[in-house]
Amino acid sequence: MPAQNAREIFRNGLLGDNPVYRQVLGICSALAVTNLLANTLLMGFGVIFTTTLSNWTVSLLRNYTPRRVRMIAQVLIIASYVMMVDIMIRAWAPDIHRFIGPYVGLIITNCIIMGRAEAFAGKNPPWPSLLDGLACGLGYTLVLIAIAVVREPLGFGTLLGYTLPARDLWWHSWTIMVMPPGAFFMLAIVTWFARSQLDQKQEKTT
Amino acid sequence: MNPDLQGSPFASLLLIFLSAALTDNILLARFLGLCPCLGVSKKVDASVGLGMAVTFVTTFTAAINYLVYEYLLIPLDIAYLRLIVFIVIIAAFVQLVEMAIERLSEKLYQSLGIFLPLITVNCAILGTSLFMITRPFNLLQAFAFGFGAGFGWLIAITLIGGIREKINEDAVPAGLRGPGITLIVIGIMSLAFVVFSGMIQF
């Protein structure tokens, strides 16, 4: 279906088919890195880089990959890109890497990337696949940022490392927001909100 | 931080096992293996089956990956290749186990076999190996860590499966049904597990 235009691919990836709240994929790393906005941005960069380029590569090779070995081929392609991301993040931000390092490695098993490679890139030409990867990566990053901008201020009273104005006068940090339970609750709320919004829209159109 | 400081070797193994299974639960405190957990945990039977398969695979892949990392990747100075090496080892191990189970026991294959292909892309497995190499373990401790992590995942997914069976018939708001309410359940369980995190220091 090469007729699908770029705008449609983008809209689907960002909103309609958003990997996190719509398909509930790839949430493992989504939860772990959202306690600080800086972590989230780096992780989002890693995911966008990997989905975009691995989608493109898988699509380029789609006619030369025998069906039986396509899964392992996809995993190897993805793993090579994740390795690059891992090395880049370690070089740029060694402090953050110490904390999110294992989760960067886990981009390999992030179901979004495998899912897009399997569902889109295996059947479509390279450039639409590249766009699709980019859109899905951006959709994922947007949801992550939405969660992080709630968790970091509530949990630490900071945003991107900057202290909120006059924090000590009026603010008492909710430690639970930076601990794992806060992440689960936030994601549940985001899913709830997004799903009820989308369902209302669908009801109006039908 | 160093587990060697914890007295006798057996005590350190037990501590590593308990902390990996309970306070540092890989699902509830480290967020790993959530995708298959949300998909499979609708029924207790399926949860237990997948949990056992995961426990088995994490235990052995943690030990194998430890050996490969310490004695092959580090001496050759190619530790940056660890991601590819680990995922290939895990995929190959899962394939081998599947073939072995198919030959050895029809019954076990029926109950465990269908879950095995799901496991290669379960981040709990790769995650266990990646967290393992950030700590100063020896082989036995790596083995205990892998077993604890898998066992913790088994406990968590079984409990979640049980709660979801109960919730199934309750009146949950439409947008929260499915993954939403499950995430809230997991969040509450996570509270219960995480509060103990100060009790075992290692």
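Among contacts in chain B between residues at least 6 apart in sequence, what percentage join residues at least 24 apart?

Guide: The share is 78% for chain B, counted among contacts between residues at least 6 apart in sequence. The model is predicted, and every value here is computed from it. Along the principal axes, the C-alpha atoms of chain B fill a box of roughly 60 × 45 × 30 Å. Of the 202 residues in chain B, 53% are buried. As for charge, chain B carries 10 positive and 11 negative side chains, with the centres of the two sets 7 Å apart.

Helix α1 of chain B covers residues 9-23, which makes 15 residues. From its first C-alpha to its last, α1(B) reaches 20 Å, close to the 21 Å expected at 1.5 Å a residue. The buried residues of α1(B) are B:S12, B:I16, B:F17, B:S19, B:A20, B:A21 and B:T23.

Helix α8 of chain B, residues 139-167, holds B:I163. With a relative accessibility of 32%, B:I163 counts as partly exposed, because that class lies between the limits of 20% and 50%. Not counting residues up to four places away in sequence, B:I163 touches B:V185 and B:M189. The C-alpha atom of B:I163 is separated by 39 Å from that of B:Y69, a residue 94 positions apart from it along the chain.

Chain A can be described in the corresponding terms. It has 10 helices and 2 strands, and its pattern along the sequence is α-α-α-α-α-α-α-β-β-α-α-α. Buried residues make up 51% of the 206 residues in chain A. Among contacts in chain A with a separation of 6 or more, 73% are between residues 24 or more positions apart. The accessible surface of chain A is about 9800 Å², and 67% of it belongs to carbon and sulfur atoms.

Helix α7 of chain A, residues 126-156, has 31 residues and should span 45 Å at 1.5 Å a residue; its end C-alpha atoms are 43 Å apart, which agrees. After α7(A) comes A:G157, with a positive phi near 75°. The other place is A:T50, which lies in helix α3 of chain A, residues 37-60. A:T50 counts as buried, because its relative accessibility is 0%. Leaving aside neighbours within four places in sequence, A:T50 is in contact with A:N55, A:I78, A:Y81, A:V82, A:V85, A:I107 and A:I113. A:L198 is 148 residues apart from A:T50 along the chain, and the C-alpha atoms of the two are separated by 28 Å.

Notes. Residues numbered from 1 in each chain as written. Chains lettered and ligands numbered in written order. Predicted model: local features only at pLDDT ≥ 70, side-chain atom pairs only at ≥ 80, totals over all residues. Heavy atoms only, no water. Buried < 20%, exposed > 50% of the residue type's maximum accessible area, 1.4 Å probe, protein only. Contact = heavy atoms within 4.5 Å. Lys, Arg positive; Asp, Glu negative; His and termini not counted. Charge placed at Lys NZ, Arg CZ, Asp CG, Glu CD. Helix = DSSP H or I, 4+ residues; strand = E, 2+ residues; numbered from the N terminus. Expected span 1.5 Å × (residues − 1). Areas by Shrake-Rupley, 256 points an atom, 1.4 Å probe, with all protein chains shown as cover.
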